[in-house]
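Here is a short report on a pocket, one of its lining residues and a helix. Look over the sequence and the structure before reading on.

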Amino acid sequence: CLMLISPMAEAQSIYVLVFTSNRMLPARPVPASDHSAPIAVRFAESLPWEGVGAVQVQPIASLRTPDSVMLRQLTLVTSACEEWLHLETSCGVAFVFSPDGSDARCVAPAGADPALLESMVVGPLFSFLVWLRGGQALHASAVLVDGQAVAFCGVAGAGKSTTAAQLVRLGHPLITDDVMAWRWEGTDCLVQTGPTRVKLWPDSAAVVQSEAVGGLPRVHAQVEKRILNLPDAASLAATGYPLSCIHILTPGTARARDLSVAEAFVALKEHCRDDSILPPGLRARQFEELARLVRNVPVRRVPAHTGLDRLEEFARLLLDGIRRRAVTTPAIR
């Protein structure tokens with residue numbers, strides 16, 4: 001069992017969000033300099049307005065992309081004097097947020113697979129919280145190379161997590177996987193640290209780690225994907241690292257090329273984390289943040305790896321290219 005029920009525990013941090021929870025979650029200590037009021041992340045078996053009388057439900061957003069299987073619709077629920085954002089999923093789990101993001105709940109029936117709940121909370125729930133709390137998130141992985149973050153996007157199966165795990169094996173710590181949240185410090189885009197773990201299919205896991213794959217926990221019971229805990233780089237800065245470049249891993253692409261600002265905007269829009277459910281106000285901010293990101297950070301379309309037997313060679317070629325280019329593009333803001 002990956003999660004244990006407990007009273008609200010000591011505050012922790014993930015994607016620079018400080019939170020407490022009544023279950024154990026993979027996170028990091030809160031930096032001593034961070035005095036943020038923690039977000040309450042609770043696991044519950046019933047919606048907070050159940051049994052309290054009549055409620056009003058106002059639709060806000062719904063899925064528009066046929067390939068999304070996790071999120072369905074977002075509604076505003078008004079109950080007595082309380083308002084909640086209710087995010088439904090297609091697998092029977094619901095997320096409920098206070099409008100300011102200070103209270104978040106994962107609601108699932110008793111006996112729900114704890115690994116599934118953990119995966120959904122660390123992914124969709126926290127990525128939505130990032131947006132509610134003023135941040136931004138891409139569906140991407142990032143590793144640390146020479147003091148800077150290098151990110152990898154791509155369609156499902158392009159090898160984002162596999163590439164990141166191989167780079168970790170070559171000595172480059174994982175900053176985050178699956179959810180890449182960022183914030184701005186002047187003209188620097190700082191990628192925020194996440195859990196030191198990746199989710200890999202068994203054949204990929206077998207290549208990037210030496211232990212028997214069969215002993216690795218599954219993401220959840222119905223999926224063969226495994227959770228690989230990587231070495232915890234305790235020295236990673238909780239405040240994040242400047243993003244030097246974003247690589248869009250693209251199967252079938254013959255060569256790498258830099259994208260124009262317009263091309264990069266369109267490409268990254270396709271890889272925003274769970275963005276199909278954003279309400280209009282957050283959607284407008286998303287466009288502003290993406291425009292700022294592509295004006296300040298180079299985006300390259302690069303070939304994805306062509307076989308696990310050549311994964312190490314592929315990762316070393318990527319590293320060579322990153323270091324040769326040593327980004328010097330001035331910020332535009």
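## Terms and model

Contact here means heavy atoms within 4.5 Å. The model is predicted.

## Leu318

Leu318 sits in helix α6. Leu318 is buried, because its relative accessible area is 10% and the cut-off for buried is under 20%. Neighbours within four places in sequence aside, Leu318 is in contact with Phe152, Thr163 and His247. Thr163 lies 155 residues from Leu318 in sequence. In space, their C-alpha atoms are 9.6 Å apart.

## The second largest pocket

The second largest pocket holds about 570 Å³ of space. Its lining has 27 residues. Nearest the pocket centre are His247, Leu317, Leu318, Gly321 and Ile322.

Helix α6 (311–325) gives the most to this lining, with 9 residues. β11 (148–154), β18 and β20 (299–303) each supply at least two residues. By type, the lining divides into 14 nonpolar, 6 polar and 7 charged residues.

## Helix α5

Helix α5 covers residues 280–296, 17 residues in total. At 1.5 Å a residue, α5 should span 24 Å. The end C-alpha atoms are 25 Å apart, which agrees.

The buried residues of α5 are Leu282, Arg283, Arg285, Gln286, Glu289, Leu290, Arg292, Leu293, Val294 and Asn296. What covers these buried residues includes the helices α1 (114–132) and α4 (261–269). The cover also includes the strands β9 (136–139), β13 (179–185), β14 (188–191) and β18 (241–250). β18 also supplies at least two residues to the lining of the second largest pocket.

Note on methods
Residues numbered from 1 in each chain as written. Predicted model: local features only at pLDDT ≥ 70, side-chain atom pairs only at ≥ 80, totals over all residues. Heavy atoms only, no water. Helix = DSSP H or I, 4+ residues; strand = E, 2+ residues; numbered from the N terminus. Expected span 1.5 Å × (residues − 1). Buried < 20%, exposed > 50% of the residue type's maximum accessible area, 1.4 Å probe, protein only. 1 Å grid on protein atoms, 1.4 Å probe; cavity = no way out; pocket = protein on both sides within 12 Å on 5 of 7 lines; lining within 4 Å. Points joined across faces, edges and corners; volume = space filled by probe spheres on them. Nonpolar A, V, L, I, M, F, W, Y, C, P; charged D, E, K, R; others polar.
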